[in-house]
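Here's a quick briefing to read with the model open beside you.

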Amino acid sequence: MAGGAWLQLQVALLLLVALIFSTLSPSEAEAEAEAAAATSTNLRRRQEVQSLLKRLNKPPLATIQSPDGDIIDCVHISKQPAFDHPLLKNHTIQMRPSIQPSGMYGEAARPFTQTWNQNGEKCPDNTIPIRRTKEEDVMRATSVATFGKKTHGSHHPRLAGVTDGHHYGVASATGDANYYGTKATINLWQPTIATSGDFSLAQLWISAGSYQNKDLNTIEAGWQDLAGGNWWLQVQGKYVGYWPSSIFTHLQTGVADTVEWGGEVNSPRSTTPMGSGHFPKEGFGKATYSKAIQVVDSSNNLKSPNGVSLIAPLPNCYSVMTGFSSTTSWGTYIYYGGSGCP
């Protein structure tokens with residue numbers, strides 16, 4: 001091809017490119033740039049998600065497929081994700097508490113199942129079952145950095161009004177300055193969740209510290225091993241595990257200043273039912289309850305709380321009531337729940 005002809009072709013191509021680009025309006029060009037930026041952001045977030053999943057999902061020694069679609073990984077006890085915490089770098093695993101509250105000795109362990117092991121499946125010895133975290137689990141979080149974390153003020157009945165969207169029907173122990181654990185029998189239902197992202201739960205809280213000072217420590221079930229300092233969880237007579245004292249500030253000293261029991265829902269529109277969806281006044285067979293409520297005192301004894309106060313900021317939506325029976329095994333008990341706000 002002659003030099004002049006090649007030059008003319010180059011000029012024509014440049015003009016063609018210029019014409020193509022000139023056909024985009026400023027708004028179209030801006031939209032295209034935003035789309036490219038969104039694609040880049042999504043790609044970066046997925047890369048962050050995959051990196052997080054690699055850290056969270058430890059290599060299993062066995063895997064169980066649950067009927068509900070979950071995957072249960074049987075991870076060696078020394079490889080569990082808890083030991084990624086910097087404060088547990090040199091932690092020695094405790095298999096049983098050094099001592100337990102009087103009144104719990106000789107308590108027979110009763111079998112309990114979850115969906116994944118209802119047909120007799122179980123993990124090998126020296127492993128623990130961990131639900132495998134999936135990509136969609138992480139993508140539901142506001143960010144990868146906040147996945148699995150609670151912000152200051154979330155999920156605590158004393159902060160009702162501060163915790164937007166969280167509503168409570170809760171009883172709080174009174175009459176003692178310090179608490180070293182608690183025990184209760186919790187009646188469970190399967191409430192209907194009104195909106196995706198809402199939840200409804202029944203649990204107990206053990207806490208110390210201050211929300212205002214941003215040093216609030218909370219445990220959502222358990223009692224403390226006074227000798228070892230760890231806070232243990234026992235379910236139906238079986239030791240499930242413990243929260244090491246080293247990860248706390250105030251609770252590290254072995255003393256909680258608050259113990260609470262009851263229900264919580266996360267429902268910004270206050271429409272999700274709590275418990276069975278029935279109010280406490282409807283009583284046994286309809287309302288949710290926690291019975292045989294006890295606290296652990298400074299002498300490591302289980303006892304009924306000296307008194308309880310009630311927390312129900314929206315009593316027309318979710319409520320709580322308390323009682324005591326000396327003639328049955330119920331002892332100190334509470335009914336709580338509600339259908340939500342109209």
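**Strand β6 and its partners**

Strand β6 is joined to strand β11 (residues 258–266) by nine bridges, and the two run antiparallel. Keep in mind that this is a predicted model.

**Around β6**

- Over on the β7 side, I206 faces I219 across the pairing.
- Strand β6 (residues 199–208) has seven of its 10 residues buried, so the rest of the structure largely encloses it.

**The β1-β2-β3 sheet**

- Three strands make up an open sheet, ordered β1-β2-β3, with antiparallel pairing.
- β1 (62–65) and β3 (127–131) are the edge strands; each has a single partner strand, so one side of each has no neighbour in the sheet.
- On average, neighbouring strands here are turned by 25 degrees against each other, ignoring direction.

**Disulfides**

- How many disulfides turn up in a search of the whole structure? The search finds two.
- Counting bonded cysteines along the chain, the pattern is 1-2, 3-4.
- As a reminder, a disulfide is a covalent bond between the sulfur atoms of two cysteines.

**C74 and C123**

- These two cysteines form a disulfide, with the sulfur atoms of C74 and C123 2.0 Å apart.
- The C74 and C123 link is left-handed, at -75 degrees about the S-S bond.
- It ties together distant parts of the chain, 49 residues apart: C74 lies in strand β2, and C123 lies in the loop between β2 and β3.
- Buried or exposed, where do C74 and C123 fall? Both are buried.

**C317 and C341**

- The other pair is C317 and C341, whose sulfur atoms are 1.8 Å apart in a disulfide.
- This pair also links distant parts of the chain, 24 residues apart: C317 is in the loop between β14 (307–311) and β15 (319–325), while C341 is in the segment after β16 (331–337).
- The torsion about the S-S bond of C317 and C341 is about 95 degrees, so this disulfide is right-handed.
- C317 has a relative accessible area of 6%, so it counts as buried under the 20% cut-off.

Conventions
Residues numbered from 1 in each chain as written. Predicted model: local features only at pLDDT ≥ 70, side-chain atom pairs only at ≥ 80, totals over all residues. Heavy atoms only, no water. Pairing = 2+ DSSP bridges. Helix = DSSP H or I, 4+ residues; strand = E, 2+ residues; numbered from the N terminus. Axes fitted to C-alpha atoms, helices over the stretch in contact; angles between N-to-C directions. Disulfide = S-S within 2.5 Å. Buried < 20%, exposed > 50% of the residue type's maximum accessible area, 1.4 Å probe, protein only.
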